[in-house]
Protein chains: 2
Amino acid sequence: MKTLIIISHPEIKESSSQQYLLHSIPDDHDLTIHHLEEFYSDTPIDVVAEQKLVAAHDRIIFQFPLYWYSSPALLKQWQDEVLTGDFAYGKKGTQLQNKEFALVLLIGAAKSDYQAGGKELFSMDELTKPFQAMAHKTGMIFLKTFSIYQFVYMTEQEKMTLLIDYQLFVTGDPEQSLLSRENWLLNQLEKTNVTTLGTGNEEILQHVIEMIEENRETIDDLKILLDDMN
Amino acid sequence: MKTLIIISHPEIKESSSQQYLLHSIPDDHDLTIHHLEEFYSDTPIDVVAEQKLVAAHDRIIFQFPLYWYSSPALLKQWQDEVLTGDFAYGKKGTQLQNKEFALVLLIGAAKSDYQAGGKELFSMDELTKPFQAMAHKTGMIFLKTFSIYQFVYMTEQEKMTLLIDYQLFVTGDPEQSLLSRENWLLNQLEKTNVTTLGTGNEEILQHVIEMIEENRETIDDLKILLDDMN
């Protein structure tokens, strides 16, 4: 599965959250990062090139900071110019059909503000209806949104968890079952270049892998036991 | 009440609906038309001038064609740059509080497409949540949206009705009760420059005014009768 992350952020260098995520993205040839402001801050959007890029991927992700409950202006311009009738929708526009689509949102306010009675009034599922409608119109499958609330207030531990969740989101199975999380983690750990690890760390890594595998075996045994009891 | 209509449309000259509405707008010193692309297609947005303009009006209207279930990119940019924290929201940003806010939307698809099971999946009330949230955040009162579906397929009669409704919407009482519609119409008719009317038309005009007033008296009498019966 080839994934395209389209990032829109007018001041990406000043954004600690975007930088954190960008630096965590694995070097994977199935993953393309495309920061719009880097290409089109002063020049017109190259519609043909953008359409080719989108067509060459199976999963399209829009990643941006929530500005006035929507995307920055350049991503909106990108939608309006690139997603034409002969490309993205209608009888002739079938290039996006059956691709997966998701949002990665960086949000300044707290999650609890986004509800009836909260400061922001509506939930993220309500505010992203225009993107859901776009996915529907273009025949794409809308995945669960990956919302990051108040990154700056996160502890180091929370940021580490976020990083793993994010990596899994952009590279792995979107359903994120416990089993698929484990498999993905094991895969990542086994791919780790052990020569870059300091003395002792290689053993720790091996220990972590064994522990996850043992836990899985225990869970599987318990499931079989439960099935027998029924 | 001073009304500011902020229009965003990248190709306004080619839009028959926008031209129709623009030409119908009465010459009223309480009404300001501000077409963003006319000022800011190639130049940066003058944030201070825009904030002054907004602050000087009591009702703010965003008028635009629905592109991907939202506004054209320039209006989004305007929101992101003009509606700053020291102007539009938060403790210091109180300049929009208690103003009225409304959307005038030009929509290419049919109204019946905008519902569950319809081609566009969501209603206009669902798709405009980001604007409702903006009004909420800035302390503005969100009025009913004025949605114009499939202008090109309208009959001349429907366009005339649309025009009156639109004029009432941008200049009159937003609640549009029958009484306020009557008062507004009477006011417009009485302001008509009779010297521009051909022979006979002046009498027709007078006749229309009298008829509306008589109808109103009849309705009022019936209401009194009903009240007495209760």
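Author: B:Y69 lies in the loop of chain B that runs between β3 (59-65) and α4 (73-82); helices (H or I, at least four residues) and strands (E, at least two) are DSSP runs, numbered from the N terminus. The model is predicted, so local features need pLDDT of at least 70 and side-chain atom pairs count only at pLDDT 80 or more, while totals for chains, interfaces and linings use all residues. Residues are numbered from 1 along each chain as its sequence is written, chains are lettered from A and ligands numbered from 1 in the order in which they are written, and side-chain values use heavy atoms, with hydrogens and water left out.

The phi of B:Y69 is near 65 degrees, a positive value in a residue other than glycine. Most residues other than glycine have a negative phi. With a relative accessibility of 6%, B:Y69 counts as buried (buried means under 20% relative accessible area, exposed over 50%, partly exposed in between, with a 1.4 Å probe and protein chains only). A positive phi also occurs in chain A, where A:L121 has a value near 75 degrees. A:L121 belongs to the loop between β4 (100-107) and α5 (124-127) of chain A, and its relative accessible area of 26% makes A:L121 partly exposed.

The nonpolar core comes next. Such a core is a set of buried Ala, Val, Leu, Ile, Met, Phe, Trp, Tyr and Cys residues joined through side-chain atoms within 4.5 Å. The largest one has 70 residues, of which A:F62, A:W78, B:F62 and B:W78 touch the most other members. Leaving aside residues up to four places away in sequence, B:W78 touches B:I6, B:L36, B:I45, B:E50, B:V54, B:F62 and B:L83; contact means heavy atoms within 4.5 Å.

Strand β2 (residues 31-35) of chain B holds B:H35, which counts as buried at 11% relative accessibility. The side chain of B:H35 makes a polar contact with the side chain of B:E37 (3.3 Å); a polar contact is a pair of N or O atoms within 3.5 Å, and within protein one must be able to donate a hydrogen and the other to accept it, residues adjacent in sequence counting only if both atoms are side-chain atoms.

As for the two chains, a rotation of 179 degrees with 0.1 Å of shift along its axis superposes chain A on chain B (RMSD 0.3 Å), by least squares on the C-alpha atoms of residues with pLDDT of at least 70 in both. The two copies are therefore related as by a two-fold rotation axis.
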